[in-house]
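Reader: I have a model open and would like to learn how to read its features. Could you take me through it step by step?

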Number of protein chains: 2
Amino acid sequence: MARKSSLSGFPEWLPQERLVELHVLDTLRRTFELHGFSSVETRAVETVGQLLRKGEIDKEVYAVSRLQEEESARSNGEDALALHFDLTVPFARYVVENAGHLAFPFRRYQIQKAWRGERPQEGRAREFTQADIDVVGDGSLPFRYDVELALVVIEALGGLPIPDFQLRINNRKLAEGFYRGIGLTDTAGVLRSIDKLEKIGPEKVAQLLREETGATDAQAEAALKLASIRTEDTSFVGLVRGLGVADPLLDEGLAELEQVIAEASKRAPGRVLADLSIARGLDYYTGTVYETVLVGHESLGSICSGGRYDALASKGNRTFPGVGLSIGVTRIVTRILSQGFAAASRQVPTAVLVTLANDDSWSSAQDVAAGLRSRGVPVEVAASAEKFGKQIKFADRRGIPFVWFTSEDGSHEVKDIRSGEQVAADPATWTPPAEDLWPAVSPQ
Amino acid sequence: MARKSSLSGFPEWLPQERLVELHVLDTLRRTFELHGFSSVETRAVETVGQLLRKGEIDKEVYAVSRLQEEESARSNGEDALALHFDLTVPFARYVVENAGHLAFPFRRYQIQKAWRGERPQEGRAREFTQADIDVVGDGSLPFRYDVELALVVIEALGGLPIPDFQLRINNRKLAEGFYRGIGLTDTAGVLRSIDKLEKIGPEKVAQLLREETGATDAQAEAALKLASIRTEDTSFVGLVRGLGVADPLLDEGLAELEQVIAEASKRAPGRVLADLSIARGLDYYTGTVYETVLVGHESLGSICSGGRYDALASKGNRTFPGVGLSIGVTRIVTRILSQGFAAASRQVPTAVLVTLANDDSWSSAQDVAAGLRSRGVPVEVAASAEKFGKQIKFADRRGIPFVWFTSEDGSHEVKDIRSGEQVAADPATWTPPAEDLWPAVSPQ
């Protein structure tokens, strides 16, 4: 992993590394589809106007324009194009544009690249792959989907070759109701301050709260007390109640978070944490918020985040509430590779190299290969009839476990070049052991 | 298919259309992997300098720059970035950068989007997916790979729900040797003129040949005679010989093309055509050239093209010859959808909706769902305990074939809502019929 990409922030994998990434992508896709999510892709570009609707992200966007377009003709306004920086904004547009063709609640997964012009570092690339799942309703969306989506991502992440992870969940209603209940009305301002807790510590957050939201010492202290609550079960409810704050929105948020934590802690003990400090900064969530850390790799940042939007999208007076999460595939794969958490059992798909006894046997070697492939065995055929030793070395160098020989009399043998064992074989029936059929990606 | 994309040239599919695209992508991937090709992805951007190395494509390129970058700081030179317009140029760079980590001959497939700022029309989008396979050697690459790659793409395309197709193959050595043999030295100029044959007809090509390459009437006639040769077997060899031209490069080209056609016509009769008019315009191929048409849809253009490069890439005095083909996935999928060649059997992955008898049964319904999923059955759980009629209607509207009921006494039944048949079922053993397990994409 000393290899550097030739363009900072744009990682590219070697074939054996790509196998690890493919394993991650295939695992996520299968889990999402087993849960009934439909695949959707959106175009890589959006209009700048669409991307900037939520503001404050303009510095990260890559603009796109035809190289040879006249400078004067280039549109610099809202119609100009830019690469999407996440998959939520494009998906919201897709839902609005195709609402008449979709069955709601609409469950979709979307696995695509996104681009941000941020300063690159490990865990933050300029080009990266996200795997998003969302459920979107037309007008309303039962709260149960907030619980379900936590279960789906726990199952999806649980299938990956990564260390222990923990989904940390909070609820905006709970936090905002609490702040309101103690007399702090600038709830967005309080959230923004609390969001900095991990970075700057409680004292500086208290100062921010006093200076920027007009909090008294007691109010700042209460807000920080709430943010200090972390429980792996539903005991957070009693701890919040113990703070003696009353507010209907707080009640609603507590009941919602309790449902998520109760079900998730029952099904995946230790995988979930009610963490009342989770704020998700500038994102416009309106209920549940999720973040996920790799235990022991907290500095990597969240590998899977999301939440509930009352209005993911809207069209006239029609609104589409949604709840969803986004898995940082590139962030996860980069860490798997840099830490050697997993590796592929070989670097090529090929299980068998069919050798050539002489140069005229290429066509009959293709027959052998076709027979094996028809039963799902990945095969390649040697391109020239070099000495067998050389052909075996070729297989060895590429990590191909089996080499096939056909004699002039038409008999066949197959050799496992790792053990050296060589046996008679019939191309119409022989199959490698299941563990050698395809490259396997397993934890190291 | 009356639906228009909201940005011309940037197609987006509905979930049931995306299933057709996924089927195409999965089929190609499986075929490539069965033939031992490794997956590689490259970043979406290249430096403009890299993309323009081969010239003449600058008008089609989308430049990329950070939106908020200072105009003065923006690099407009060779280091500026642009989206790749194909997968060959990025792959050539990847090979050079990673040569020390790759085992040659290196077989890779690469399925990614590419972008070109051309005027959109059916079959030509501004954002499109390509599926490329190439074999690259270090210094040399046996000719047999030219034969093999024709076989691989015939098998790959043969697995897709498309009408009959034909791979049309020519050889640059054959053409250039022939032109030289009749005394035409500007072989590139002759190729460029012959490339226009389908568009402007033989008389205008003859005129071009006379005006731009200095051909005599007899020379133009001979070049056009060569270009008129099309055979499904190796009989083209005799036809070319009958033109009475002698040249060592012509001999070499004839022998190469004969090998490809002999093997491919034997393995896939009717799928291959020696077509001596194929020129592949501005591409810098040096031997075999391939194009592919959908029979009856010739106006769509080639759905799979490629050829042999003596130097796909080079690094100092080291050269990497290659041979490869690129399948136009978006072009193919667009035609499949617009012509209704194939469709998905349902629009969602879900095979079973687990209903709720009452609102408290959601958690136990999740147990049923988990049991089914553990045996590979895609399942979703209803979000609220509406009347059963409503829950069934929900499944029907989404195209989910089976609905699951759990009684208060814990007994289970499953209903096929298409036939109305309802039977007792055990979540630990019940599986839908194989054809209902996942959405199937089949020819219509």
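Author: We will go from the contact between the chains to single residues, and then to a helix and the cysteines. Keep in mind that this is a predicted model.

Reader: Now a single residue. What does B:Glu148 touch?

Author: Not counting residues up to four places away in sequence, B:Glu148 touches A:Trp362 and A:Gln366 from chain A, and B:Arg107 from chain B. The side chains of B:Glu148 and B:Arg107 are joined by a polar contact of 2.6 Å. To place it on your screen, go to helix α4 (residues 144-158) of chain B, where B:Glu148 lies. B:Glu148 counts as buried because its relative accessible area is 4%, under the 20% limit.

Reader: Which residues of chain A carry a "binding site" annotation?

Author: An unreviewed UniProt entry gives that annotation to A:Asp86, A:Leu87, A:Thr88, A:Arg116, A:Gln130, A:Asp134, A:Arg280, A:Tyr284 and A:Tyr285. Let us look at two of these.

A:Leu87 sits in the loop between β4 (81-83) and α3 (88-98) of chain A. With a relative accessible area of 1%, A:Leu87 is buried. Beyond its neighbours within four places in sequence, A:Leu87 is in contact with A:Arg108, A:Gln110, A:Gln112, A:Lys113, A:Gln130 and A:Asp132.

A:Tyr285 belongs to the loop between β9 (272-275) and β10 (288-294) of chain A. A:Tyr285 is buried too, at 9% relative accessibility. With residues up to four places away in sequence set aside, its contacts are A:Arg172, A:Arg280, A:Gly306, A:Gly307, A:Arg308 and A:Tyr309.

Reader: For contrast, is A:Thr429 buried or exposed?

Author: A:Thr429 is exposed, because its relative accessible area of 57% is over the 50% limit. Look for A:Thr429 in the loop between β18 (422-424) and α14 (434-437) of chain A. A:Thr429 and A:Leu372 are 57 residues apart along the chain, with 7.9 Å between their C-alpha atoms.

Reader: How do I read a helix, and how many residues of α3(A) are buried?

Author: An α-helix has 3.6 residues a turn, so residues three or four places apart point the same way. In this case α3(A) is mostly covered, with 10 of its 11 residues buried. Among them are A:Thr88, A:Phe91, A:Tyr94, A:Val95 and A:Asn98.

Reader: Last, the cysteines. How many disulfides are there over all chains?

Author: In general, a disulfide is a covalent bond between the sulfur atoms of two cysteines. Here a search of the whole structure finds 0 disulfides.

Note on methods. Residues are numbered from 1 along each chain as its sequence is written. Chains are lettered from A and ligands numbered from 1 in the order in which they are written. This is a predicted model: local features need pLDDT of at least 70, side-chain atom pairs count only at pLDDT 80 or more; totals for chains, interfaces and linings use all residues. Side-chain values use heavy atoms; hydrogens and water are left out. A disulfide is a pair of cysteine sulfur atoms within 2.5 Å. UniProt positions are given in the numbering used here, feature names are shortened, and annotations may be inferred rather than shown by experiment. Helices (H or I, at least four residues) and strands (E, at least two) are DSSP runs, numbered from the N terminus. Buried means under 20% relative accessible area, exposed over 50%, partly exposed in between (1.4 Å probe, protein chains only). Contact means heavy atoms within 4.5 Å. A polar contact is a pair of N or O atoms within 3.5 Å; within protein, one must be able to donate a hydrogen and the other to accept it, and residues adjacent in sequence count only if both atoms are side-chain atoms.
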